[in-house]
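Dear colleague,

I am passing on the structure below, together with some notes on what turned up when I went through it. Please read the notes with the coordinates open beside you.

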Amino acid sequence: MSLQMVTVSNNIALIQPGFSLMNFDGQVFFFGQKGWPKRSCPTGVFHLDVKHNHVKLKPTIFSKDSCYLPPLRYPATCTFKGNLESEKHQYIIHGGKTPNNELSDKIYVMSAVCKNNKRVTFRCTEKDLVGDVPEARYGHSINVVYSRGKSMGVLFGGRSYMPSTHRTTEKWNSVADCLPHVFLVDFEFGCATSYILPELQDGLSFHVSIAKNDTIYILGGHSLANNIRPANLYRIRVDLPLGSPAVNCTVLPGGISVSSAILTQTNKDEFVIVGGYQLENQKRMICNIISLEDNKIEIREMETPDWTPDIKHSKIWFGSNMGNGTVFLGIPGDNKQVVSEAFYFYTLKCAEDDTNEEQTTFTNSQTSTEDPGDSTPFEDSEEFCFSAEANSFDGDDEFDTYNEDDEEDESETGYWITCCPTCDVDINTWVPFYSTELNKPAMIYCSHGDGHWVHAQCMDLAERTLIHLSAGSNKYYCNEHVEIARALHTPQRALPLKKPPMKSLHKKGSGKILTPAKKSFLRRLFD
C-alpha cells in the first residue's frame with residue numbers, strides 16, 4: 001500500500017464530506033458537492049483529473065434528454081450492467097441529502113453516452129418506483145445481484161428524519177435508523193418489494209456491503225438507537241426464479257466492528273476495507289483484506305500504510321473509492337496556521353497499477369462519511385462541514401468562470417451555523433451544553449419573517465425555557481428580532497385625549513351663567 005498526498009488546484013471547497021466518486025472506464029468523476037451546482041457546471045458532476053499528485057476538477061455536461069440530478073451527499077451508489085451495449089456500464093444512485101438538507105427517495109441511472117479526449121457526456125434518467133417504495137434516507141447501501149440470467153437491486157439500512165411531530169429538544173438528534181427491511185428493486189419495471197428477515201434486527205447505517213453474483217455481504221455499520229457498531233457479518237442471498245424472488249439471510253462469524261469505512265476492489269475476488277470508525281470518536285486505523293472464493297468470505301488484517309502524523313491525529317476522515325484499488329482520503333486542515341486549507345487530501349493505492357478495470361464492477365458500497373450523518377460528534381455525520389474559499393476553474397476550459405457570489409447561502413441549511421454575531425459554537429470543540437443535547441447543539445426556530453434557526457446556547461436560554469419552546473408551536477424571536485417582535489405583538493401606545501379644564505363655563509358674549517342642567521350636559525359631552 002502506498003500513501004501519497006495530493007494537491008487540489010481549483011475548487012477545493014467543493015470536496016467536502018459526503019461526496020461520491022464514479023469510475024467510467026478509468027476516468028474518475030466527482031459527485032455530491034455541498035451546495036447548489038455552480039453556474040459553470042449546472043449538473044454538479046466534475047471530472048476528477050489526477051496527474052502527478054495534482055488534482056483538477058473539470059465540469060462535465062449531460063445530454064439534452066437527461067433529467068435534473070441534484071448534487072446529493074451520502075447517497076447509495078453501485079454499478080449496473082444493462083442488456084444493451086449502451087447500458088454496459090451504469091451507476092445507480094439512490095437517496096442522499098439534497099442541497100437544502102432534505103432527503104431524497106429517488107433512484108437515478110447515470111451512464112456515459114459520448115466520450116472524446118476532452119470531455120464525457122452523461123445521460124441521467126429517473127426511475128419511478130411502485131409497490132413498497134423505500135423511504136427517503138442516507139447512509140445506506142444499494143447493490144445489484146444476478147441470478148438465473150436476471151438482475152435485481154437490493155437496498156438496505158440507512159437513516160431517515162424523524163416525523164416533525166417527534167422532533168423536540170428531548171430528541172434533538174432528529175434522525176433515526178430506518179427499519180431493517182430489505183428492498184428488492186426491479187430497475188426494468190420499476191417495482192419495489194420489501195422483505196422482513198428475522199436475522200436483521202437493526203437498520204444499520206454506514207455499513208460496508210459487497211455484492212458478487214447472487215450474494216451480498218453486510219459488514220459492520222452503526223446502530224443509532226443503541227449507539228453501537230456491532231461486529232456483525234450477514235450474508236443475503238437472492239434467488240430469481242420465474243416466480244417470486246426468494247431472499248434469505250445467514251449470520252456468519254468473523255465480522256468486524258466498523259462504520260463509515262471505504263471499500264475498494266484489488267482483484268476479481270479480493271477487496272480492501274480502509275478507514276472508518278471503531279468507536280464514537282476514534283478512527284479505525286486498521287485495514288482489512290476481504291477474500292471471496294468458493295462462496296466463502298474471509299476477513300484478515302493487512303499491513304497498514306505509513307499514516308502521516310496529520311492523519312493519525314485528525315479526529316475525522318472521509319473519502320471514497322476511485323476504482324482500480326485506489327482510495328481518495330480527506331482530513332481537516334490545520335486551523336492553527338495563518339493560511340490553511342479546509343481539507344488535505346491523499347490517495348491510497350491498495351493494488352498494483354495493472355489492476356483490471358473490470359474488477360470495479362463488483363464494488364458496491366457506500367462512500368465514507370459523511371454528512372455530517374448524525375450519529376456522534378466525530379462519526380458518520382454531515383455535521384463536519386468546514387468552510388473554505390473556492391478558486392476559479394481553469395481558464396482553458398470551455399466554461400464560464402466560477403464566481404463564488406453565484407452560490408446560494410448555505411449558512412442556515414444545517415446545524416453547524418453561525419447564528420448571530422456573537423455565536424461561539426465551534427464544530428471542532430462543541431460539547432453538550434444542555435442535558436437534553438445528544439449529538440447536536442440545541443436549536444430554536446425564530447419566527448421572524450421566513451424564520452431561521454439559532455443556537456439556544458447563544459440566545460442564553462434556560463434549559464426549562466428551551467424545552468418549553470421546542471415542545472409546542474410557541475412563537476419565539478431571537479435576540480436580534482425580539483424588539484421587532486414586541487412591536488408586532490404590542491399595540492402602539494396611543495396618546496391620551498386632552499380634556500379641557502372644568503371651569504365655570506359662560507356663554508360667550510351673553511354674560512349669563514349656565515344652568516346646572518347645561519353644565520351636566522357639557523361634562524358628559526367632554527367626558
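In this predicted model, the side chain of R137 reaches the backbone oxygen of E135 at 3.1 Å, and a polar atom of the R137 side chain also lies 2.8 Å from the backbone oxygen of G157. R137 is found in the loop between β11 (130–131) and β12 (141–147). Which side chain of opposite charge is nearest to R137? That side chain belongs to E135, but at 4.2 Å no salt bridge is formed, although R137 is buried; the cut-off for a salt bridge is 4 Å, which means that this pair falls outside the definition.

A polar atom of the D186 side chain does, however, lie 3.2 Å from the backbone nitrogen of F189. With residues up to four places away in sequence not counted, D186 touches M152 and C191.

Four strands form an open sheet in the order β18-β19-β20-β21, with antiparallel pairing; its edge strands are β18 (208–212) and β21 (246–251), each of which pairs on one side only. Neighbouring strands of this sheet are turned by 20 degrees against each other on average, with direction ignored. Within the sheet, strand β20 (residues 233–239) is joined to β21 by 6 bridges, the two strands running antiparallel, and Y234 stands opposite V251 in β21.

As for the protein as a whole, there are 4 helices and 34 strands, and 53% of the 527 residues count as buried. Among contacts between residues at least 6 apart in sequence, 59% join residues that are at least 24 apart.

Terms used: Residues numbered from 1 in each chain as written. Predicted model: local features only at pLDDT ≥ 70, side-chain atom pairs only at ≥ 80, totals over all residues. Heavy atoms only, no water. Polar contact = N/O pair within 3.5 Å; in protein donor to acceptor, adjacent residues only side chain to side chain. Contact = heavy atoms within 4.5 Å. Pairing = 2+ DSSP bridges. Axes fitted to C-alpha atoms, helices over the stretch in contact; angles between N-to-C directions. Buried < 20%, exposed > 50% of the residue type's maximum accessible area, 1.4 Å probe, protein only. Lys, Arg positive; Asp, Glu negative; His and termini not counted.
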